[in-house]
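Look at the model below.

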Amino acid sequence: MSKYLLEIGVEELPYKFIPSAIKQLKESFGKFLENNHIEYSDINVLATPRRLAVIIDGLADSQPDSEKVFKGPIKKIAYDENGNLTKAGEGFAKKNEINPSDLYVEDDYVFAKIFTKGKDTKSILTENISNIILKLQGSHFMRWSCHDEKFSRPIRWIVSVYNNEELPVQILDIKSSRFSRGHRSYTQSVEIKNIDDYKDKLRKAYVIVDQNERQAKIVELAKEESAKIGATTRISDDLLEEVTYICEWPVAVVCNFDEEFLTIPDEVTITVMESHQRYFALFKDGKLTNKFITIANYIGDDFSNIQAGNLRVIKARLDDAVFFVKNDTKKPLEDYVENLKGMTFQKGMGSVYDKTQRLIKLAKSINEEVNNGQDSETVIRTAYLCKADLATNLVFEFTELQGYIGSDYAKLNGEAQGVVEGIKEHYFPLNADSELAKSIEGQIVGIADKIDTICAVFASGKKPTGSSDPLGVRRAALGIIKTVIENKLNLNISNLIKSALELLPVQVDCQKDVEEFFVQRLVIFLADNYKKDVLESCLNNNPLSNLSDYMARVNAIAKLDNPMMIENANRIIRILKDASIDNIDESLFVDDAEKKLYECMKEVNFTNDYDNYIKQLIGLNAQIDNFFEKVLVMDKDEKIKNNRIGLLTALKKDYDRIADFSKLH
């Protein structure tokens with residue numbers, strides 16, 4: 001088995017494109033090899049800002065030989081009475097490019113057996129590499145030189161090595177060689193004589209080509225440098241990924257800024273460092289320090305210029321922040337609410353001020369339902385102030401700080417702690433993995449905010465598609481679902497959707513669409529932990545009316561291990577089909593089997609404990625089995641038949657209380 005290395009050298013790639021390129025290259029090469037019936041054991045894609053490399057292990061040197069049999073016309077049509085080929089026979093031979101003498105007859109039909117020798121892998125790669133690479137997709141692709149084809153950034157060199165020998169390929173006007181390039185500051189070319197030495201060769205040229213190794217190195221360096229000054233660092237996954245894909249040779253450099261900037265809110269300073277400058281903030285005893293780590297793509301040990309340059313940059317940004325904070329805090333947060341009248345929420349749905357008024361009404365209603373009206377003053381105050389910081393200078397400059405700045409300003413103004421927390425938390429969760437709101441104010445106002453946004457998007461006719469998610473409504477729906485489930489809130493989401501739609505300035509009947517959207521998100525959210533058929537079976541009783549009840553039913557059905565009970569439920573469903581009779585007349589019972597079943601059914605009692613309820617239903621198994629063995633439901637006597645259908649209808653309702661068993665596999 002063989003090994004192949006392809007390296008595409010480019011100008012610095014946008015970091016957001018690189019993870020996508022890694023995935024696309026792995027998938028496209030895998031599909032290409034499989035479609036061409038070329039065996040391989042592994043495809044490894046490595047990437048830095050200046051290169052995309054594919055290493056294929058266990059590669060077969062050629063396609064397997066193949067033999068195909070084609071069925072032709074019937075013998076008497078392919079040959080005349082003298083045994084000579086007719087026009088039809090000659091046409092069949094010509095079509096399949098075989099000698100007429102190689103045709104043979106079997107079961108009175110003419111057949112052609114065609115042997116094809118597999119092409120060698122080298123030639124297949126040479127013919128297709130350019131097409132595979134130029135099919136990569138991404139945003140902001142560009143043309144350069146005289147080329148019509150687009151790519152993320154101009155291609156500068158290509159390395160193509162098959163079993164340690166150069167395999168010539170060409171992409172646009174760039175021909176391959178076995179010479180790569182190291183770090184941009186490293187002037188010597190790097191000859192790849194042995195694929196197994198590829199990583200080491202580049203490492204000596206100050207390039208860590210394996211992104212996983214590079215990422216681990218960054219974490220290691222950051223921890224080492226922070227430990228030297230007795231500090232710790234917090235590195236988010238997003239920031240770590242970005243830094244990994246903007247450097248080839250990471251070096252950790254500790255820098256600092258003036259301590260006077262620690263007087264502004266921590267969230268501002270951290271955002272400037274992480275989101276704007278890609279720095280790692282440093283903490284001591286849980287408190288932010290005036291030191292940070294920057295990861296430089298650098299060869300050398302003199303960091304003075306790096307430190308001075310980063311200090312200039314962060315000082316300018318923090319000076320702006322200080323200016324904005326001083327100006328914003330000249331008046332209380334509530335004074336900014338009036339300014340929301342000049343900010344459009346979305347076309348046709350009023351201003352952000354109008355949205356705030358809707359949030360107050362929704363929050364008050366939700367609070368009555370889930371909190372028995374307690375904390376109503378702080379909940380309503382949170383709803384009133386939650387969007388006020390959107391009108392501040394600081395949030396206008398640092399939009400990702402919405403909520404955090406409002407919370408800080410509310411604290412400065414002496415607002416209640418619940419309001420302070422609620423303003424910040426009503427945006428939670430910020431993503432699929434982030435924390436949920438802990439305060440009841442944050443939970444209630446967050447739900448109100450998200451349901452208003454979702455309903456406004458659907459009423460505007462902009463519901464999400466596979467490629468678009470206007471205003472992040474998928475995340476918003478998931479946020480509501482997680483908040484309700486995790487905090488066991490007794491909230492009827494269907495009624496909430498109805499209320500939110502009625503409050504919108506444009507009345508559109510889209511409640512069913514919104515509910516279906518929520519149910520889809522609910523199933524997707526829970527699919528990692530439960531079987532899909534279990535989740536779908538429990539959708540029979542509107543899950544949005546009580547998510548806690550839905551989860552209780554899902555958990556009970558997920559543990560169910562009684563095939564007889566499931567079969568009994570499905571047998572009843574099959575017999576009834578669409579038939580349904582609500583009346584049961586005990587005087588019409590003829591057989592003891594139906595009398596005993598009915599008596600046992602009357603003992604079934606639901607007490608909000610689905611595990612116990614299922615045990616009761618399982619207890620009916622023997623009587624149901626006896627009923628079907630002794631009793632013919634479709635009796636000739638119409639009254640007896642209908643009475644038995646009524647008995648099964650009542651029994652079906654008992655099963656339906658927990659799930660639609662026809663959907664369980």
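A cavity is a set of points on a 1 Å grid over the protein atoms alone where a 1.4 Å probe fits but cannot get out. Grid points are joined across faces, edges and corners, and a volume is the space filled by probe spheres set on the points. By this rule there is one cavity of 30 Å³ or more.

This is a predicted model, in which local features need pLDDT of at least 70 and side-chain atom pairs count only at pLDDT 80 or more, while totals for chains, interfaces and linings use all residues. Residues are numbered from 1 along each chain as its sequence is written, and side-chain values use heavy atoms, with hydrogens and water left out.

**Cavity and pocket**

The largest cavity holds about 30 Å³ of space. Residues that line a space have an atom within 4 Å of one of its points. Among those lining the largest cavity are Glu425, Phe428, Lys450 and Thr483. Helix H15 gives the largest share, five residues. Helices here are DSSP runs of H or I with at least four residues, strands are runs of E with at least two, and both are numbered from the N terminus.

A pocket is an open set of points with protein on both sides within 12 Å along at least five of seven lines. The largest pocket has a volume of about 1,800 Å³. It is lined by 49 residues, and the closest to its centre are Glu400, Tyr404, Phe428, Leu430 and Asn431. Several elements give two or more residues to this lining, including helices H7 (237-244) and H10 (352-371) and strand E16 (287-297). Helix H8 gives the most, with six residues.

The table sorts both linings by class.

Two strands pair if DSSP finds at least two bridges between them. Five strands form an open sheet in the order E2-E3-E1-E7-E8, with antiparallel pairing. The edge strands are E2 (42-48) and E8, and each pairs on one side only. Helix H4 (residues 121-134) packs on the sheet and touches E1, E3, E7 and E8.

Seven bridges join E1 (residues 2-10) to E7. Gly9 has Trp157 as its bridge partner in E7. Seven bridges also join E1 to E3 (residues 51-59). There, Leu6 stands opposite Val54.

Why is strand E7 largely enclosed by the rest of the structure? Seven of its eight residues are buried. Buried means under 20% relative accessible area, exposed means over 50%, and partly exposed lies in between (1.4 Å probe, protein chains only).

E7 and E8 form a hairpin with two residues between them. In the turn, Asn163 has a positive phi of about 50 degrees. Tyr162 stands opposite Glu165 in E8.

**Two lysines**

Contact means heavy atoms within 4.5 Å. Lys201 sits in helix H5 (residues 198-204). Its relative accessibility is 34%, so Lys201 counts as partly exposed. Leaving aside neighbours within four places in sequence, Lys201 is in contact with Val190, Glu191 and Ile192. The C-alpha atoms of Lys201 and Val190 are separated by 7.0 Å.

Lys641 belongs to helix H25 (residues 638-656). At 19% relative accessibility, Lys641 counts as buried. Not counting residues up to four places away in sequence, Lys641 touches Val633, Met634 and Asp635.

Note on methods:
Axes are lines fitted to C-alpha atoms, for helices over the stretch in contact, and angles run from 0 to 180 degrees between N-to-C directions.
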